[in-house]
Amino acid sequence: MKILLIIFGIISFVLGAIGIILPILPTTPFLLLSAFLFSKSSDRFHQYLIQTKLYQKYINEMVIERKTTRKKRNQSLFTLTLVFLLRYSLHQ
């Protein structure tokens with residue numbers, strides 16, 4: 001099972017990388033899927049992922065403690081919206 005998760009994670013990562021160049025493929029969903037698949041395939045990778053500063057700063061409270069401040073939520077939504085707008089405008 002772990003081998004299948006790794007293989008699908010690699011395929012998803014490659015599709016996400018191709019999506020950077022081709023506007024037909026979405027980048028973000030493939031990269032998020034690959035991170036999910038890699039974290040499920042390896043306990044070591046999962047531990048590495050949850051120890052990163054970005055995870056600790058933005059995601060940990062939302063996932064573990066089921067709470068977040070309004071400021072952090074607005075920052076996350078603003079960043080996500082900005083990324084989507086930039087992605088959409090660059091591929092038009």
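Trainee: How many helices and how many strands are there in the protein?
Mentor: This is a predicted model, in which local features need pLDDT of at least 70, side-chain atom pairs count only at pLDDT 80 or more, and totals for chains, interfaces and linings use all residues. Residues are numbered from 1 along each chain as its sequence is written, and side-chain values use heavy atoms, with hydrogens and water left out. Helices (H or I, at least four residues) and strands (E, at least two) are DSSP runs, numbered from the N terminus. On that basis the protein has 5 helices and 0 strands.

Trainee: Which residues of helix 2 are buried?
Mentor: Helix 2 covers residues 28-41, and a residue counts as buried under 20% relative accessible area, exposed over 50% and partly exposed in between (1.4 Å probe, protein chains only). The cover over its buried residues includes helix 1 (2-21) and helix 3 (43-51). The buried residues of helix 2 are Ser34, Leu37, Ser39 and Ser41.

Trainee: How are helix 2 and helix 3 oriented to each other?
Mentor: Their axes, which are lines fitted to C-alpha atoms over the stretch in contact, with angles from 0 to 180 degrees between N-to-C directions, come within 5 Å and cross at roughly 125°. Angles under 35 degrees count as roughly parallel, over 145 as roughly antiparallel, 65 to 115 as roughly perpendicular and the rest as oblique. Helix 2 and helix 3 are therefore oblique.

Trainee: Which residues in helix 3 do Ala35, Phe38, Ser39 and Ser41 meet?
Mentor: Contact here means heavy atoms within 4.5 Å. By that criterion, these four residues of helix 2 meet Asp43, Phe45, His46 and Leu49.

Notes
The expected span of a helix is 1.5 Å times one less than its number of residues.
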